[in-house]
Amino acid sequence: MTIAETSKKYGLTADTLRYYERIGLIPPVPRTKGGVRDFDEASCRWIELIKCMRSAGVQIEALIEYGALCRQGEGTEERRKDILVEQRALLLGRMEKMQQSLERLDYKIANYDKLLREK
């Protein structure tokens, strides 16, 4: 798949995809004989992982380290798991704060509903 097709499929700019490859978020993308990026299934799985993790607020640095460890292969499994466990804990903390914010908003909205009913 070309970079334009991949960009459209995942809602990322071509510049973002190039950047992700350059900084090691995704492994080097296979190229055609003419040197054009040809995103394969493995590249797309990495993009899907990155999008998922970024939408959850996982830091780029952690993803870079995770990707580098995956490419190193055997012997890095424990550190890879540690990264995921650390990021999960951070995500749970953000979720708790978001839940508190949601509850606060619900409380405020309920107060306005009550006030407006009384008018």
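A residue counts as buried when its relative accessible area is under 20%, and as exposed when that value is over 50%. Keep that in mind as we walk through this model, which is a predicted one.

Let's start with helix α2, which runs over residues 14-23. Three of its residues, Leu17, Tyr20 and Glu21, are buried. Seen around the helix axis, these three span an arc of only 95°, which means they sit on the same side of α2. There's a simple rule behind this kind of pattern: an α-helix has 3.6 residues a turn, so residues three or four places apart point the same way. Turn to the other side of α2 and you'll find Asp15 and Arg22, which are exposed. And what do the buried residues of α2 pack against? Their partners are α1 (3-10) and α3 (41-55).

Now for the way α1 and α2 meet. Two packed helices are described by the angle between their axes and the distance between the axes. Here the axes of α1 and α2 come within 9 Å and cross at roughly 100°. Angles of 65 to 115 degrees count as roughly perpendicular, and α1 and α2 are therefore roughly perpendicular to each other. On the α1 side, the contact is made by Ile3, Thr6 and Ser7, while α2 brings in Ala14, Leu17 and Arg18. By type, the residues of this contact are three nonpolar, two polar and one charged.

In soluble globular proteins, nonpolar side chains tend to be buried together. In this model, the largest nonpolar core has 20 residues, and Ile26, Phe39 and Ile47 have the most contacts inside it. The elements giving two or more residues to this core are α1, α2, α3 and α4 (60-72). Of these, α4 gives the most, with five residues.

Finally, look along helix α5 (residues 77-118), where you'll find glutamine 87. Is glutamine 87 buried or exposed? Its relative accessible area is 10%, so glutamine 87 is buried. Not counting residues up to four places away in sequence, glutamine 87 touches Val58, Gln59 and Ala62. Glutamine 87 and valine 58 are 29 residues apart in sequence, yet 6.3 Å apart in space, C-alpha to C-alpha.

Terms used: Residues numbered from 1 in each chain as written. Predicted model: local features only at pLDDT ≥ 70, side-chain atom pairs only at ≥ 80, totals over all residues. Heavy atoms only, no water. Buried < 20%, exposed > 50% of the residue type's maximum accessible area, 1.4 Å probe, protein only. Helix = DSSP H or I, 4+ residues; strand = E, 2+ residues; numbered from the N terminus. Arc of directions from axis to C-beta. Contact = heavy atoms within 4.5 Å. Core = buried A, V, L, I, M, F, W, Y, C linked by side-chain atoms within 4.5 Å. Axes fitted to C-alpha atoms, helices over the stretch in contact; angles between N-to-C directions. Parallel < 35°, antiparallel > 145°, perpendicular 65-115°, else oblique. Nonpolar A, V, L, I, M, F, W, Y, C, P; charged D, E, K, R; others polar.
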